[in-house]
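Welcome! Please take a moment with the sequence and the 3D view before reading on.

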Amino acid sequence: MEQYVECGSSSGASTPKKTSTPKKRRNLSLRSNDSTPKKRRNLSPRSNDSTPKKRRNLSPRSNDSTPKKRRNLIPSFSDRPLFALFFRSPRSNDPSPKKRRNLINSFSDRPRRDSEITTALNYGSEEESDEEEEGIAELAVPRIARMFMDEDDAEVNERSANATLERSPQSPRPADCASTPASPTPVSPTAMEPSNKFQFEWRKFSTPQIEPHLRREPFSQISGPTVSFTRPYEAFIAIWDREIMEMIVRETNIYAQQLATTMLENGTICPSSRITRWHDTNVNELYTYFAIVLAMGVVIKTRLTEYWNTSNDIFSTPGFSTEMSYDRFHLLSACLHFNNNKDCNSALLTRPQAKLFKIKPIIDHLNRKFSELYSLSQNVALDESLTMWKGWLEINQFIPNKAATVGIKTFELCESQTGYLWRFEVYAGHDTSAFQEDDPVSGKVPALVLRLLNGLEHKGHTIWMDNYYNSPSLARELKIRGFDCAGTLRTNRQFVPPELASITKNDMIVGQLLGCTSGDVDIVVWRDKNLVAFISTYHALLATKCGDTVKPTVAQDYNLNMGGVDRKDQQLAMYPLERKRNKVWYKKFFRRLLNASVLNSYILLKNQSWAHRKFRKALITDLFTAHRAPAPNSKTIATSVHSPAQYSSINPKKTDRLRRQCVVCKKRTVTYCKTCQLAMCTYTCYEPYHTAH
């Protein structure tokens, strides 16, 4: 059964106002005007004997004598009413002020008389009184709904919009809610876009309520990949194209030279250092390096050296050593770089930009590629993700409900159905330089949401967010920009009506709903095991019954569409590329981004016959095949074999031969290397020289 109760002001004040209600506990049930003691209220039936008053029972109360006036548990607010909708059992119209009916067990054991049934059904209706309720704002039909209506439907809704809101037949009229009746305050026809964007006029929902699909923004965009692919390799190369690979190759070669120079200046380099054997890398070798990293996510081992195990046992994986030596892989991992250190000018960068300088080119490139190659469907989830990093790091965050718990936090915009990562932003501290106190959407959280949604305006997407992001001001701003939004809400947000913000868990029963609307933004409070508040731009107060529990429709849709980011993280957890310990945080985070790009490539292929694991194995094989170094031919092998030889004789008739200075010991010798064309002693210097070089 439905019941409307006047419970506050429609002025849309941004901060809660103090009222004259009791401060201990407020029960939003409807009480009659009988008097009860102020200390303890026992809603169970009272007898005339002395019984303990500690336990409270919600059963009907007997005719006990009450020395003082009972406190009305409906909050007394100002004369500008706000209407809240309850799903509660009806109260009968008992003329006696002392006899109360139970709100939960409204039907007692004894059979009701026909007169009582008629009175209960008509209680609070227009048949009881001809007086018009004053101070009720008119409900304007949202503009977004008019475009879907037929002419007949629009005419009916226009008549209902111009009429004052009727009270539900089950609700008595609280005459003492306002001392001075207020005159009706008409709402302008353009209630969706008031003159003050953040002026909220909260009121009750229309009866009957407008269907959600009529209020939802129209979505006609074709979702899916913008380019068709036939092989996993093609989808991966579309993200990691040759341009970004050449940039990584250039920066890696520069950093290797800088690292060698620094080691020479510090005196930490020695002949056995791997950096002495460095030679510049190229694009093909870098693709091969990526393929080996991806293979480590499929073939999981505990130590890096175990991948290069070539012994004849069950733990052997000779494929890794065939594609690249362990020393070369280790050297590429150490020298992998994405931005030149000399280009970092702290005077021109903000503090968050300076923290992400090392990985910034990769972040910008992937954000651009992810958004270009895929068009999102209607439902989009915005949430946080965490890359584990247990070392000291200034940008580390702690999120207990994430699997990593501690690490690098990213704000991500993912498709709800597939988990496709469309855009992300790494948290390195919020930039509050553009914050304006008079603009509620200029704060750090609303500004973050608008940055992630940039480019999706007026396409009809629905953004699902949790209570960290949602607020009435952000919901209205998104609605103006052509979005719908829904999700949980913190009732202490700005512009939330104080009547809803002051509700506690004990004020409602399980399955009870309470809510209000401002035309384009709806707020619903639901009592489940705990108190849960939702905000939506199109759901209204529709509810469904799940077993014995009444659940709002927005809660069901939220559970279906909010898990986009978590769905992405679950699929990546099966192939943990970033599990390798690393002293450099941005290199580990790069592996996380590489892993996410492979998942996006899998979604871009959009081939139902490919399983995720099969896709990754095919991608690794294709990368090795396309970028493996060519096998040397016979001539190359003949000239590349090092062998010692003697210089020719000075005089054919004599045994004296030409002598040269040895490159190792500096002594004069008659032997040399035919491949290197360098003089060196055969027995003492030949082997050490070629081992070092």
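Predicted model: local features only at pLDDT ≥ 70, side-chain atom pairs only at ≥ 80, totals over all residues.

**Two helices side by side**

Let us start with helix H11 (residues 360-373) and helix H17 (residues 585-605), whose axes come within 12 Å and cross at roughly 10 degrees. Angles under 35 degrees count as roughly parallel, and H11 and H17 are therefore roughly parallel to each other. On the H11 side, the contact is made by Ile-362, Ile-363, Leu-366, Phe-370 and Leu-373. They meet Phe-589, Phe-590, Leu-593, Ser-597, Asn-600 and Leu-604 of H17. Nine of the residues in this contact of H11 with H17 are nonpolar, two are polar and none is charged.

**Aromatic rings**

The model holds 23 aromatic pairs.

Trp-240 lies in the loop between helix H5 (232-239) and helix H6 (242-266), and Phe-290 in helix H7 (residues 283-298), so their pair ties together parts that are 50 residues apart in sequence. Trp-240 is buried, at 0% relative accessible area, and Phe-290 is buried at 1%. In the other pair, Tyr-468 is partly exposed at 22%, whereas Tyr-469 is buried at 1%.

Ring pairs also link residues into a cluster, whose members include Trp-240, Phe-290, Trp-308, Trp-585 and Phe-590.

**Charges over rings**

Which ring lies under the charged end of Lys-409? That ring belongs to Tyr-427, with its centre 4.8 Å away. Arg-476, in turn, lies over the face of Phe-200, 4.1 Å from the ring centre.

Key: Residues numbered from 1 in each chain as written. Heavy atoms only, no water. Axes fitted to C-alpha atoms, helices over the stretch in contact; angles between N-to-C directions. Helix = DSSP H or I, 4+ residues; strand = E, 2+ residues; numbered from the N terminus. Parallel < 35°, antiparallel > 145°, perpendicular 65-115°, else oblique. Contact = heavy atoms within 4.5 Å. Nonpolar A, V, L, I, M, F, W, Y, C, P; charged D, E, K, R; others polar. Phe/Tyr/Trp six-rings, centres within 6.5 Å; stacked < 30°, edge-to-face > 60°. Buried < 20%, exposed > 50% of the residue type's maximum accessible area, 1.4 Å probe, protein only. Lys NZ or Arg CZ within 6 Å of the ring centre and 35° of its normal.
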